[in-house]
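Hi,

Here is the structure for your files. Please open it first, then read my notes below.

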Amino acid sequence: DLILHNGEFIQEENLVISKEDRGYQFGDGIYEVIRVYDGSLFTAKEHIDRFYDSADKIKIVIPYTKDVFHKMMYDFVEVNKIDMGYVYVQITRGAAERQHQFPTQATPVITGNTKSVARPVASLESGVTAKFIEDIRWLRCDIKSLNLLGNVLAKQEAYEEGFFEAILHRGETVTEGSSSNMYGLKNGMLYTHPATNLILNGITRRVILELCKELEIPVEETAFTKTQALQMDEFFMSSTTSEVMPIIAIGDQKIGQGVPGELTRKLQTAFQARIQVGVKS
Ligand code: PMP
């Protein structure tokens, strides 16, 4: 497959990245992941808007109009003939002699790749387990930054103990997952952390909140505690690659009956209708 480098599709062996690229040395950049279903980019506009917003928040100027960038993503999927998969794309502040302040002369560097990947149908059916881990990240989690150490360390700890995801919390308050958003359902009401600086406002999250409106599931964008999380009737997480993923236990404690809940199933069905892939994986 070809990779993306500054607007061109090239062979990976021809990619040259400076050792002084600020993405490499400082994690000074941002990224985006867009899902491809049946050869089409899902919620591409929302992902592209967030890519531009994240760049803007760290004062990187993307050297393309959104329309040109959108077409680039579209062509990328086409050139690599991706049917089910995703596009990963990142932009860094570029290469310059190492110093913390922004270089006066640096050209942003965009790289990206596509990947074919099936929907996680088995996990979507069975649900997964997760573990509470203290959220030690910085206070600008609304930026989809390349700096993912806090997320990486949390996921690794969860993974080593056999859990699918880390449920991050600041003190008692649940924020989000290491690479997902978190939701609880109690007495028919859906609770999720508000879209503040403490979480990434997931594109899947936004779709889910729309689906709740359609399905007349009332929503409270209010943070909940670890204790409240354990007392939810249903629990699930969401992300571009995990979709609406039931969480059936937190640590060694079952949520509800320890199986995916009824409203979670409704949201999964509605989500599947949105992506229009039927039962295909
Ligand atoms: N929070 C974090 C920290 C994430 O990394 C992700 C996935 N990129 C999400 C939430 C979910 O966002 P999305 O639905 O846009 O994939």
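This is a predicted model: local features need pLDDT of at least 70, side-chain atom pairs count only at pLDDT 80 or more; totals for chains, interfaces and linings use all residues.

Helix 2 first. Helix 2 covers residues 44-57, which is 14 residues. At 1.5 Å a residue, helix 2 should span 20 Å.

Which residues of helix 2 are buried? They are Ala44, His47, Ile48, Arg50, Phe51, Tyr52, Ser54 and Ala55. Arg50 and His47 are on that list, along with Phe51 and Ile48. The cover over these buried residues includes strand 3 (29-37) and strand 4 (40-41). It also includes helix 3, strand 5 and helix 6 (203-215).

Now the backbone. Most residues other than glycine have a negative phi. Please look at these exceptions.

- Lysine 81 is not a glycine, yet its phi is positive, at about 50 degrees. Lysine 81 sits in the loop that runs between helix 3 (66-79) and strand 5 (85-92).
- Asparagine 187 is not a glycine either, and its phi is also positive, at about 50 degrees. Its loop lies between strand 10 (181-186) and strand 11 (189-192).

Are lysine 81 and asparagine 187 buried or exposed? Lysine 81 counts as exposed because it has 11 C-beta neighbours inside 10 Å, and the cut-off for exposed is 12 or fewer. Asparagine 187 has 7 other C-beta atoms within 10 Å, so asparagine 187 is exposed too.

Best wishes

Technical notes. Residues are numbered from 1 along each chain as its sequence is written. Helices (H or I, at least four residues) and strands (E, at least two) are DSSP runs, numbered from the N terminus. A residue is buried if 20 or more other C-beta atoms lie within 10 Å of its own, exposed if 12 or fewer, and partly exposed in between; C-beta atoms are placed from the backbone. The expected span of a helix is 1.5 Å times one less than its number of residues. Two residues are in contact if their C-beta atoms, placed from the backbone, lie within 7 Å.
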